[in-house]
Amino acid sequence: GSVKSLQRVAISLEMVGSTAEQRGDLIAASTALEESLSLRRRLAAFDLSSAEAQRDLLVSLQGIGDIAVQRGDLARASIVFTESLDMARRLAAADTSSALVQGDVASVLDRIGNVAKLRNDFTLAGIAFGESLNISRQLSLTDPSSIFMQRNLIVALQKVGDIALKKNNIATAKASYDEALDIARHLVTADTSGVIILQVTLASTLSRVGQVAALSGQAGPAK
């Protein structure tokens, strides 16, 4: 069929998959998204120069991987996230000025880190989260006023700290959590509209700081 008709069918399948996921039918969601993925591959192959078609394929792969994680199929998730990372890196290399595609690389790395953590591969998780943190840090510097970018940086710092704790590297965990706490406090102080997620982020960071303090024998009120 034509490119536009294939696009319409792919979008419809993705909507079906999303609806199925929301009602908890992960098998139906996976089936719809896998079918959409095959169409996204065809569309990307039609025009290899189209960054939009390539990114649509990237997003489709991530959706498949996310469902696979929910189903406990970590092998399938690893395969599609690895393919996603290769694609995201290519897109980012082709457009180094785009925060969107740089963010895609960080997002895929975060997913790879999450899967590695679930598989107790803390070495791979640390590498993936570490690279994701570096990108998140760069992006936060390009737009310091963006709450979204700053919060992404906090979460990235938390994940690096969490893996450091798993590996019993208390010093790295403390440094990561302390930096995250500074940013979280700044965001909450600067927030005049009472964004709940910022309060939650601050609380989760304080909890981590307290955990590290207890482990290092310096437990005290985390303020």
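Start with Glu 131. This residue is partly exposed, with a relative accessible area of 26%. The model shown here is a predicted one. Glu 131 has a partner, Arg 89, and the side chains of the two meet in a salt bridge, with 2.6 Å from N to O. Arg 89 lies in helix 4 and Glu 131 in helix 6, so the pair ties together parts that are 42 residues apart in sequence. Arg 89 is partly exposed as well, at a relative accessible area of 34%. Side chains of opposite charge can pair when their charged atoms come close.

Now step back to the whole protein. It has nine helices and zero strands. From the N terminus on, the elements run α-α-α-α-α-α-α-α-α. The C-alpha trace spans about 65 × 35 × 30 Å along its principal axes. There are 223 residues, and 42% of them count as buried. The accessible surface comes to about 11700 Å². Carbon and sulfur atoms own 56% of that surface. Contacts across the sequence matter to the picture too. Take the contacts with a separation of 6 or more: residues 24 or more positions apart account for 56% of them.

At its start, a side-chain oxygen of Ser 98 comes to within 3.3 Å of the backbone nitrogen of Leu 100. Just after the helix, Asn 120 takes a positive phi of about 60°.

Which residues of helix 5 are buried? Among them are Val 101, Val 105, Val 108, Leu 109, Ile 112 and Val 115. The buried list also includes Gln 102, Asp 104 and Arg 111. What covers these buried residues? The cover includes helix 3 (51-71), helix 4 (74-94) and helix 6 (122-142).

Leaving aside residues up to four places away in sequence, Asp 104 touches Arg 55, Leu 58 and Ala 88. With Arg 55 there is a polar contact between the side chains, at 2.6 Å. Met 87 is 17 residues from Asp 104 in sequence, and their C-alpha atoms are 9.6 Å apart in space.

Move along helix 5 to Arg 111. This residue forms a salt bridge with Asp 66, and the closest N and O atoms are 2.9 Å apart. Arg 111 lies in helix 5 and Asp 66 in helix 3, so the pair ties together parts that are 45 residues apart in sequence. Asp 66 is partly exposed, with a relative accessible area of 27%.

Lys 159 is buried, at a relative accessible area of 19%.

How many salt bridges does the structure hold? The count is 12. Some charged residues go beyond a simple pair. Glu 14, Arg 40 and Asp 56 are linked in a network of salt bridges.

Ser 60 has its place in helix 3. Not counting residues up to four places away in sequence, Ser 60 touches Glu 14, Leu 33, Ser 36, Leu 37 and Arg 40. Is Ser 60 buried or exposed? Ser 60 is buried, with a relative accessible area of 8%.

Finish on the outside. Ile 196, Ile 197 and Val 200 form a nonpolar patch on the surface. Together they have about 270 Å² of accessible area. Val 200 is found in helix 9 (residues 196-215). At 45% relative accessibility, Val 200 counts as partly exposed.

Key
Residues numbered from 1 in each chain as written. Predicted model: local features only at pLDDT ≥ 70, side-chain atom pairs only at ≥ 80, totals over all residues. Heavy atoms only, no water. Buried < 20%, exposed > 50% of the residue type's maximum accessible area, 1.4 Å probe, protein only. Helix = DSSP H or I, 4+ residues; strand = E, 2+ residues; numbered from the N terminus. Contact = heavy atoms within 4.5 Å. Polar contact = N/O pair within 3.5 Å; in protein donor to acceptor, adjacent residues only side chain to side chain. Patch = residues over 30% accessible without salt bridge, like charges linked within 9 Å, V, L, I, M, F, W, Y side chains within 5 Å. Areas by Shrake-Rupley, 256 points an atom, 1.4 Å probe, with all protein chains shown as cover. Salt bridge = Lys/Arg side-chain N within 4 Å of Asp/Glu carboxyl O.
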